[in-house]
Amino acid sequence: MRNRKTAEVLERFSKKRLAAEAAAEARCLEVYAAVPEIKEIDKKLRTTAVNILAIASSGVDVDEKMAALRAETDAIRAERERLLEAAGYPAGYTDIKYECPVCGDTGYVGTKVCDCLRREVAAAALEDSGLGSLAKTQSFDNFDLSYYSGEARETVAHAFRTLKDFAENFDGGEQKSFLLVGASGLGKTHLSTAVAKTVIDRGYRVVYNTIDRIIDDFQAERFRDLMTYDELADTYFDCDLLVVDDLGCEMQNQFSVNCVYNIINTRLNSGKATIINSNLTSEELRRFYYDRITSRLFGEFHVLVFKGEDIRRKKLQNR
Ligand SMILES: [Zn+2]
C-alpha cells in the first residue's frame with residue numbers, strides 16, 4: 001500500500017467520507033429547523049460519552065450505572081426516532097450514509113484494510129499494470145484445455161496447475177520465477193495475464209510489459225530523462241511481480257543485453273517473482289543470449305514448456 005495509485009484511491013475515500021458527513025450534517029440542520037426538540041435531544045446525547053467516562057473513572061457501581069445510562073440513552077433515541085417520524089421524515093434520516101458501512105469509508109477496520117479499499121486499489125492497480133484489455137478477457141476460468149491434445153495437453157495442463165497454484169498462494173515473500181517457452185498462440189500470454197490479475201486481486205503490485213517496451217523505457221531514461229532512474233527501478237525492480245512478454249524479440253545490442261541481465265539479476269537477488277514469456281525455444285534462447293543470462297534463466301527460473309498447434313487458429317476455425 002505505498003504507490004501513487006494507492007494514495008489517489010485513499011484521497012478519493014477521504015473525499016467521499018467528508019461528502020457523506022457533510023450531507024448528513026445538512027439533513028440534521030434541516031430537521032433541527034423543522035423539529036427543534038430534536039436539536040435539544042442531540043445535545044443531550046452528546047453528553048453521554050462524557051457521562052460514560054465519568055462513571056468509568058469513578059469506579060463505584062460501574063455496571064449498574066452503565067446499565068441505567070444505556071436504558072436512558074435508548075429511551076431518548078426512541079423518542080428522537082418517534083419525533084422524526086411524526087414530522088414526516090424516514091427512519092435514520094439524519095444518519096451518515098457511508099458507501100461502505102463496514103469501514104465508514106475510511107478503508108480500514110481497526111488496522112486491517114477493508115475489502116472495499118482492497119477492491120478499489122486492485123482495480124486501480126489493474127489499470128496501472130500495463131495489462132489493459134488483456135485482463136478483461138483472459139483468466140484461469142476461461143482457459144480451455146480442450147484445444148490441446150495428447151502430450152501438448154499434458155504439458156499445458158501442468159503449466160496451468162503450476163501457475164494457478166503460484167498465483168493463488170502469492171504472498172509477497174520469497175517467490176519462484178517462471179520462464180514460459182513455446183511458439184506463439186499456445187496460451188502463454190493468457191496464463192501469465194491470469195496470474196497477473198490474480199496477484200493484483202490479492203493486493204500486490206504487478207507490472208506487465210513487453211521486453212522491447214521495457215528496454216525503450218530504460219533507453220528513454222538514458223537519453224531524454226522522461227522517467228527518473230528511481231521511477232524505473234521502482235517499476236521494474238521493486239514491483240511484487242513483473243511479467244515480461246516476448247523475450248527474444250527485441251533488437252539485440254549491448255544496452256538491451258545489459259538491461260535484460262539487470263532486471264533478471266536484480267529481481268532474483270531480491271527474491272522478487274518474475275514471469276518471462278518467450279516464443280523462442282530453450283535452445284534458441286541459449287544461442288540468443290550470453291551465458292551470464294541463460295545460466296540465471298535456466299538455473300533459477302522454473303521452465304514451463306508450451307507445445308501443440310496454434311490454439312488461436314483453432315478457436316477461429318471453431319467459430
Ligand atoms: Zn469498507
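**The cavity and the sheet**

Modeller: Let me begin with the largest cavity, keeping in mind that this is a predicted model: by class, its lining has seven nonpolar residues, one polar residue and no charged ones.

Colleague: Which residues line the largest cavity?

Modeller: The lining is made up of Ile-211, Val-244, Leu-247, Val-260, Ile-263, Ile-264, Thr-274 and Ile-276, and the elements that give two or more residues to it are α11 (254–269) and β6. The largest share, three residues, comes from α11.

Colleague: What volume does the largest cavity have, and how many cavities of 30 Å³ or more are there?

Modeller: The volume of the largest cavity is about 40 Å³, and the count of cavities of 30 Å³ or more comes to one.

Colleague: Changing topic, in what order do the five strands of the open sheet run?

Modeller: The order is β4-β5-β6-β3-β7, with parallel pairing. Because β4 (206–210) and β7 (302–305) stand at the edges with a single partner strand each, one side of each is left without a neighbour in the sheet. On average, and with direction ignored, neighbouring strands are turned by 15° against each other.

Colleague: And how many bridges join β5 and β6?

Modeller: Strand β5 (residues 241–245) pairs with strand β6 (residues 273–278) over four bridges, in the parallel sense, and Val-243 stands opposite Ile-275 in β6.

Colleague: Last one: which domains does the assignment give, and how far apart do their C-alpha centres lie?

Modeller: The domain assignment gives domain 1 (4–113) and domain 2 (130–317), and the C-alpha centres of domain 1 and domain 2 lie 51 Å apart.

Methods. Residues are numbered from 1 along each chain as its sequence is written. This is a predicted model: local features need pLDDT of at least 70, side-chain atom pairs count only at pLDDT 80 or more; totals for chains, interfaces and linings use all residues. Side-chain values use heavy atoms; hydrogens and water are left out. Domain bounds come from an automatic or database domain assignment. Two strands pair if DSSP finds at least two bridges between them. Axes are lines fitted to C-alpha atoms, for helices over the stretch in contact, and angles run from 0 to 180 degrees between N-to-C directions. On a 1 Å grid over the protein atoms alone, a cavity is a set of points where a 1.4 Å probe fits but cannot get out, and a pocket is an open set with protein on both sides within 12 Å along at least five of seven lines; lining residues have an atom within 4 Å of a point. Grid points are joined across faces, edges and corners, and a volume is the space filled by probe spheres set on the points. Ala, Val, Leu, Ile, Met, Phe, Trp, Tyr, Cys and Pro count as nonpolar, Asp, Glu, Lys and Arg as charged, and the others, Gly among them, as polar.
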